[in-house]
Amino acid sequence: MPPHYEDDEDPPSKVEMEVDWDLGDDDDDEEDEVSFDGEGEVPRSLEKPLAKLKRAINKGGGSVVLVNGETGVGKSILMDHLVTWAEENDLHVLRSSGQGRFSKPLQPVTEALSREGQIGEIVKVNEVSMQQVFLIDRNTGLLIAHSATSQDSLAIDEDMVSSMFTAIQSFVSDSFKTAQGEGGGLGKLEYQDTVIVIEHGSFGYIAAVMHGEENPNVRVDLKTALETFENKNKENLSHWDGDLTGFQGVDKTLTDLISKKYTRIIERSESQLESERIRIFEEVRNILGHISVRQRTLFVIDDLHNADEATVRLLDYLSSDIEQLDVVMVATYTPEDMDPAVKKVVRSMVDVHGVEEVSVEPLDIDQTVKLIMDSLPKNYHEGEVRAFAEEVFLETRGIPGLIKEVVEGVIEYAEESGDEDLLLDPSTRSMEGLMKHYAVRVNKLQPRELIVAEWASIAGADFTLDELESCIVMSKSDVQEAIEQLVLHKFLDRGEADAFKFTNPRISSTISDGISHRWKKVMHTQIANYLEMTYGDSTSANIFSMADHFSKGMNPYKAVTYCHRAGDMSLQMLSVETAINYYYLALQSCGDLSHSEGREANKVVLNMKLSESHYLRGSDEDAMKHAQQVVEHWSSETEKPFLAKALRILAQVQMDRGDHAAALDYARKALETSKEISDSEIWEARVALGDIYAMLGQMKNAWKQLQMAEDYCKDKDIDEGLTAVYQSQALVYSRTGRYREAINHLEKALGEAYPRNDKRNLSRINTLLGWCYLMMYHYPISDDYLKEGIKYAKEIDYVSQLGHAYAYHAHCLSLMDEPEDAAEVIEKAIPIFKSFDDKRMMAYLDMVHGIILNNEGEEQPSREKFQKALSMFQTLKDSEMQAVAAEHFARMLEGRGYKDEAKAEYTKARDKYKDMSNRDKVKEMLVALKRVK
């Protein structure tokens, strides 16, 4: 453990003890030391942030600290000094960096832990591939081609298998004709864990044999391959006589299919995704606990803005109870470079979990002058430098890294021209002059260094020396020498495993500006081809690199394939934001595909995945937009499952938005589509339809759908489905005032959720139980359940549900006449609902606040809160909350003697409860109306 220092005392470091801080110019006024070479003394502008970080480490226990600042302001240098101090004070240090927007999910954490020998891959991605592929002519039933992954599979009687397929196809086609008398084709056969997926074309069909569940991408690839083969061989196929020699590209078509690997798709329901995420996060937490037991630990993550969403959510999860660990996690980020969805998680860490923030500020003009004076080879008076410094300050906004780059460019130009007083020239002090001299510095590179820099600008930080050598076709020694020169002149930084990145974005843009768009695409394609040749279809971070480079290159078919794969892997690795980015890249590349390459089929699948991902993320508008694309453009029977999912999402979004008529229409269509294809997720369509019927007050219809969903889930042993059904049934009962029946069903749901330790549903169910007991006036019981709901929500960092549990708990405490505790809980809930822009729950908090203010004797503020809440509930057309708010407002008015106003509010509440068929509440309101007459 490090030695203890008082809170107001800055723990000394070796650097601080050995360096004389008195620079000798003045006895009283120390000059600002703003050297930004990352070595030696700590720059003055970083002293305060560094002191705060040291105190966070020194106070003991675990904590998370976020360090923000603009690019080039000195965050990395600050971390260098912090790491040096930590190691000198006997802390164990882990350090990792966000590896770019399109990195492997959780990569900054997994790489740091794997270097400790603690972990290899936290997230295991299971993959499946085709064991055999058969291409068969429809008219003759003859086998055109067969390929397999093993010799045993190749040894089977191919013709016998093709004859079997043909016989089955004929039987299905003859026996199950459509209303128009047309025969269909068999799409899939299953036997134990073997799945045979079949796609039909104009002249034949293609069948793939696989083990495990079907991946949607398999059908797209089969269909694309079949269409491509038929287009190339249309004339031969139209009058084929059995001669196999005339076909073009058949062997390559099947070989390409056999070599592909597909992510084993997991169910991506909200609760399953959350459960897997928590399992992984808990594993990381346990590993950090194991490391910190041996030695207090500092874990630094540089450039959090470049990390994926899953990494940021992991940090958020750890921040909720990190005080239990002997680990201090420090993450740096640039706010303007952060994705909005990720930024929302960061704000949640600060607002909800109280994570400390430290800001690194740019230099002021005086510090800029000092840095420039220290950087110049000749001594100048401050007055001579200030005019130049003011121009640099305007151009760089006081960012030290940019100041150093600009000044070094001017120095090199001055040395070359022999004009030592160049900076005193007015033309130099103009922004145009500054950039001109800066560009000269970059252009002084030798051709081979420039080539390496160009490749590095395209390849990024993950690109290694050997890969550069292969792509550039230079000798390894030449590449190595060029790299050394670039590093020496601070154009490139050497990362781990000989990975390189530019020291400053300005260098990258200056170099890349001279490269044509077409040449960039060629370079991206060459890099991607090299990566594919080297790594093939292995499951690794290289899949993400290939997706990125192919998307920027000249091969749209492979761009779609790898971006699609990267999206699937990201989603399985729990990074929804990264998945969305890759699905969008794949969709963009679809525009460059020909129709024969499966353009439309790919668009349907990708729009469906984007819709699902956006819905999981909470972006309802985007989810609806992509679901609508699926509804409008699906074309084949194999795309009907996507249609069913899209309709369910549209129904759910419309229900959330309050458009119950549209929601009902979509839900009915979703159910009919699921029935047509015998969809295994038909229970989801029934639950959605039941929820919508309940919202419309059609309780009999709601109950009918939910009962059928319950029977289906029981028959198929779908535990998650039963949990969802019981919760929906409970909501039907609670909306009609039958709270005891609702409680019975919620207890059934608890029975399903507890054995699975399904904390997401446990949080929801306990919160709903608390609400039901609250409406029955059993406040102590409600209090107990709501505390359980809060506990589970905190354990899994289920922020939205935590907000609901807080709100109901505040309501309960206000009715238990504990105003101070209730007000404290409201303060916890407010930032959560603000972050989600949840107007309904903000109005609910206004109502609760009105109850508290009334109990404290604040009549007018209480009245204003109730009126504000009622107005919002009316705008949102939320009958249930209008009734609850009107009832509480009426009680407040009645208690203060305003009988006429109370009567009006009780009448509103009665009418709303009547609309919901809540008979018990209607009776209560009638009794209250008699009381105020």
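A residue is called buried when its relative accessible area is under 20%, exposed when that area is over 50%, and partly exposed in between, using a 1.4 Å probe and protein chains only. By that rule Phe500 is buried, because its relative accessible area is 2%. This is a predicted model, in which local features need pLDDT of at least 70 and side-chain atom pairs count only at pLDDT 80 or more, while totals for chains, interfaces and linings use all residues. Residues are numbered from 1 along each chain as its sequence is written, and side-chain values use heavy atoms, with hydrogens and water left out.

**Confidence**

- The mean pLDDT (the predictor's confidence in each residue, from 0 to 100) of the protein chain is 78, and 80% of its residues reach 70 or more.
- Residues 1–38 have pLDDT below 50, and this stretch has 72 contacts (heavy atoms within 4.5 Å) in the model beyond near neighbours in sequence.

**Overall make-up**

- The protein chain has 42 helices and 13 strands, where helices (H or I, at least four residues) and strands (E, at least two) are DSSP runs numbered from the N terminus.
- Of the 933 residues in the protein chain, 53% are buried.
- Among the contacts in the protein chain with a separation of 6 or more, 66% are between residues 24 or more positions apart.
- The accessible surface of the protein chain, computed by the Shrake-Rupley method with a 1.4 Å probe, comes to about 40400 Å², and 48% of it belongs to carbon and sulfur atoms.

**Nonpolar cores**

- A nonpolar core is a set of buried Ala, Val, Leu, Ile, Met, Phe, Trp, Tyr and Cys residues joined through side-chain atoms within 4.5 Å.
- The largest such core has 148 residues, and those with the most contacts inside it include Leu66, Phe299, Met329 and Tyr844.
- A second, separate core of 51 residues includes Val452, Met474, Ala559 and Tyr583.
- Leaving aside neighbours within four places in sequence, Tyr844 is in contact with several residues, among them Trp771, Tyr808, His811 and Phe873.

**Aromatic pairs**

- The structure holds 9 aromatic pairs, in which rings of Phe, Tyr and Trp (its six-membered ring) have centres within 6.5 Å, with planes under 30 degrees apart counted as stacked, over 60 as edge-to-face and the rest as tilted.
- Phe550 and Tyr562 are stacked, because their ring centres lie 5.5 Å apart and their planes are at 10 degrees.
- Since Phe550 lies in helix α23 (residues 542–552) and Tyr562 in helix α24 (residues 556–572), the pair ties together parts that are 12 residues apart in sequence.
- Phe550 is buried with a relative accessible area of 1%, and Tyr562 is buried with a relative accessible area of 4%.
- Phe866 and Phe889 form a stacked pair, with 5.1 Å from centre to centre and 20 degrees between the planes.
- That pair links distant parts of the chain, 23 residues apart, with Phe866 in helix α39 (residues 859–875) and Phe889 in helix α40 (residues 879–895).
- Trp771, Tyr808 and Tyr844 form one aromatic cluster.

**Charges over rings**

- A charge sits over a ring if NZ of Lys or CZ of Arg is within 6 Å of the ring centre and within 35 degrees of the ring normal.
- Lys791 lies over the face of Tyr792, at 4.5 Å from the ring centre, and the charged end of Arg863 sits over the ring of Tyr898, 5.2 Å from its centre.

**The surroundings of Phe500**

- Phe500 is found in strand β13 (residues 500–502).
- The C-alpha atoms of Phe500 and Ala456 are separated by 6.9 Å, although these residues are 44 residues apart along the chain.
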